[in-house]
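Welcome! Please take a moment to look over the sequence and the 3D view before reading the briefing below.

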Amino acid sequence: IRSLAYFEGLRQVDRLLAEALARRFQGTVLATSFPTLARKLWPDLAVLEAAPLTLDELRAALPKQPPDVDPTPLLRASFGWARYARVLIEAVSRGPDLTTAWTQEMSPGGRLESLCRHTHESLLLRSRGYGMSKAVLAAVAEEEGLNLTALVERLGRTPGAIRDYLGWLLGVDALTMVGKRYFYVDGMVRAWVCLHGRGTPPRPEEIRRLAEEMVGQNTTAPAGQIDSEPGRQDEMQVPPPRPVRRDSLVEID
């Protein structure tokens, strides 16, 4: 829709589509990976949100045959997203424990790694300013909950420029903002960026260590479960600024 809007006569293609759907006698179900943009374009449509699974939903979805899978660490390890949970359930069914399965599937070429790499690349291509948007995602992956001021200090760009990139990343649902602080929508993608998005391949022990954190304790709130209590995020202390990144970053807009 955004691409079609560049052509004369199609500038209001989203409105024309909404009007065409409204003329149908039967209901229509639309699926999109642009939920924020869809709500903006068609605020009158009813929303059926595909949110992360709850513990009870995940427990009900587990296979009944052995091996038994504990749904609580599985929820943490998959961040509640069904596609990641499915990969881990299938991997565990072949014998390894959940930590080993997560390690194997997040290693280069594994199914978790491939899914996250595709998602990360798709989000960057949908956004604007590929190179700098990638740097912003890397900074948020390194430390979630940063505000604009902290990100400016870490990235060494003007507040206006960083605000633009953040806005574009919010628009494609790569990031979400809670109390003026920025978090990943998909925690598994954040884990991928920490491991694979830094320019040097991760060592096997690094992947294993992160797998143990994902399975053993909830160090990062699952997507969709970030505490949004008013004022809660504003009370968080902003970490001290780190040295400006000096990556050999080439930005192509």
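Among contacts (heavy atoms within 4.5 Å) between residues at least 6 apart in sequence, what percentage join residues at least 24 apart? In this protein, the share is 65%. The model is a predicted one, where local features need pLDDT of at least 70, side-chain atom pairs count only at pLDDT 80 or more, and totals for chains, interfaces and linings use all residues. Residues are numbered from 1 along each chain as its sequence is written, and side-chain values use heavy atoms, with hydrogens and water left out.

**The overall picture**

- The protein has twelve helices and two strands; helices (H or I, at least four residues) and strands (E, at least two) are DSSP runs, numbered from the N terminus.
- Of the 253 residues, 39% are buried; buried means under 20% relative accessible area, exposed over 50%, and partly exposed in between (1.4 Å probe, protein chains only).

**Where α6 and α7 meet**

- Helix α6 (residues 98–106) packs with helix α7 (residues 111–126) at an angle of about 50 degrees, and their axes are 5 Å apart. Axes are lines fitted to C-alpha atoms, for helices over the stretch in contact, and angles run from 0 to 180 degrees between N-to-C directions.
- The two helices α6 and α7 are therefore oblique to each other; angles under 35 degrees count as roughly parallel, over 145 as roughly antiparallel, 65 to 115 as roughly perpendicular and the rest as oblique.
- On the α6 side are Trp102, Glu105 and Met106, which meet Arg111, Leu112, Glu113 and Cys116 of α7.

- Arginine 190 sits in α11, which covers residues 187–196, and counts as buried at 15% relative accessibility.
- The side chain of arginine 190 makes a polar contact with the side chain of glutamate 144, at 3.1 Å. A polar contact is a pair of N or O atoms within 3.5 Å; within protein, one must be able to donate a hydrogen and the other to accept it, and residues adjacent in sequence count only if both atoms are side-chain atoms.
- Aspartate 186 caps the N-terminal end of α11, with a side-chain oxygen 2.9 Å from the backbone nitrogen of methionine 188.

**Around α8 and α9**

- Glycine 145 lies in the loop between α8 (130–142) and α9 (148–155), and at 3% relative accessibility glycine 145 counts as buried.
- Along the chain, glycine 145 and phenylalanine 183 are 38 residues apart, yet their C-alpha atoms are separated by 5.8 Å.
- Six of the eight residues of α9 are buried, and these buried residues pack against α8, α10 (159–171) and β2 (181–184).

**Two loop residues with positive phi**

- Aspartate 173, in the loop between α10 and β1 (175–178), has a phi near 65 degrees and is buried at 17% relative accessible area.
- Lysine 180, in the loop between β1 and β2, has a positive phi of about 65 degrees although it is not a glycine, and counts as exposed at 63% relative accessibility.

Terms used:
Contact means heavy atoms within 4.5 Å.
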